[in-house]
Amino acid sequence: MSRINITDTTNLLSKLTLRRAWNAAKVLGSFYLSRLTGKPVQWGYPVSISFEPTTSCNLRCPECPSGLRAFTRPTGMLENQFFRQTIDEMHKELLYLIFYFQGEPYLNPAFLDMVQYAASRKIYTATSTNAHYLNDENARKTVESGLDRLIISIDGTTQEVYQQYRVGGRLDKVIEGAKNIVKWKKTLNSSKPFVVFQFLVVKPNEHQIEEVKQLAKDVGVDDVWFKTAQIYDYEKDPNQLIPTIDKYSRYKKKGDVYEPKNKLANHCWKLWHANVITWDGLVVPCCFDKDAQHQLGNLKEMSFRETWNNEAYKMFRKQLMNSRKNIDICSNCSEGTKVWG
């Protein structure tokens with residue numbers, strides 16, 4: 001199964017306007033100029049953003065702050081009106097909207113309305129779900145919303161294995177939800193959303209890698225992606241989740257402990273082309289700041305354009321280029337260690 005799907009890629013490129021293309025060129029140029037000079041330069045606005053529908057989740061996955069109920073920041077739901085105001089400000093440059101950060105998106109009652117609004121602005125939309133809420137009605141509404149990509153987390157091909165990571169989850173609900181989406185795509189003669197089974201490879205499920213590929217074919221989803229797992233206490237790995245297959249691990253053994261494979265060069269593309277907005281309007285650098293400890297702005301208090309080039313953002317980019325290894329959220333970053341198939 002391939003990393004690039006022609007139908008999905010064509011759909012993404014169809015969202016490209018001259019203004020968005022020019023913005024992307026400016027962002028890319030400023031990133032490479034920054035690397036060349038060693039000083040942060042920022043032109044343009046984000047090509048991609050992650051917007052958090054909610055921090056709430058129905059499962060209790062052992063390496064997830066939502067699942068562990070371990071946030072120090074407030075939990076809550078993204079408000080439809082605030083979302084629309086933000087998209088109205090950003091949509092002319094924005095190409096790609098990742099509609100998740102922490103939590104289960106479908107728990108937000110207005111989630112699919114917000115997807116439909118972003119789709120009406122010709123923005124490519126993607127979300128990730130544990131698929132427990134993809135009943136027949138929600139599946140139909142999902143296809144009708146114009147969602148472009150649906151990532152379904154499926155971390156096991158048997159209930160016994162699946163529940164070792166997806167604590168409190170039911171594999172039969174996941175498969176049923178995926179089948180509902182596939183059915184409604186056919187019924188409505190829609191090529192969207194592009195449906196992916198995402199398999200988080202951990203030690204308890206690594207023996208089922210080939211099985212999930214077959215399951216994907218049987219269900220009729222479009223692709224399978226394999227994801228490496230972030231382990232918080234990776235040195236000791238108390239939950240025994242680090243896989244034995246090196247290809248699927250973010251970490252390598254050094255003596256009696258593990259360490260990240262990433263060498264943490266003093267640059268990061270994400271700080272130039274993307275960012276994350278929490279449900280309550282906080283702007284944080286990237287998806288590794290799960291508890292929003294590095295707040296670079298608050299969209300309830302200032303516009304995004306003001307935030308993107310404010311002093312806090314400039315200082316964070318400068319710190320990253322000077323000594324990235326000293327930034328806590330960077331120390332466990334998976335950059336350069338993603339696995340697609």
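This is a predicted model: local features need pLDDT of at least 70, side-chain atom pairs count only at pLDDT 80 or more; totals for chains, interfaces and linings use all residues.
From S3 the chain goes through helix H6, residues 136-145, and on to S4, in a right-handed β-α-β crossover. S3 and S4, the latter being residues 149-153, run parallel, with four bridges between them.

Now the other neighbour. S3 also pairs in the parallel sense with strand S2, residues 96-98, over three bridges, and there Leu97 sits opposite Thr125.

On to salt bridges. There are 18 in the whole structure. Take Arg19 and Glu93, with N to O at 2.9 Å. Arg19 is in helix H2 and Glu93 is in the loop between helix H4 and S2, so this pair ties together parts 74 residues apart in sequence. Glu93 counts as buried, at 7% relative accessibility, whereas Arg19 is partly exposed at 43%.

Then there's Asp155 with Arg166, where the closest N and O atoms are 2.6 Å apart. Both of these residues are buried.

Glu210 and Lys213 make another one, at 3.3 Å. They're both in helix H9, three residues apart, which is about one turn of the helix. Glu210 is exposed, at 54%.

And last, a network of salt bridges links Lys15, Asp148 and Lys192.

Conventions
Residues are numbered from 1 along each chain as its sequence is written. Side-chain values use heavy atoms; hydrogens and water are left out. Two strands pair if DSSP finds at least two bridges between them. Helices (H or I, at least four residues) and strands (E, at least two) are DSSP runs, numbered from the N terminus. A crossover is right-handed if, with the strands pointing away from the viewer, the path from the first strand over the helix to the second runs clockwise. A salt bridge is a side-chain nitrogen of Lys or Arg within 4 Å of a carboxyl oxygen of Asp or Glu. Buried means under 20% relative accessible area, exposed over 50%, partly exposed in between (1.4 Å probe, protein chains only).
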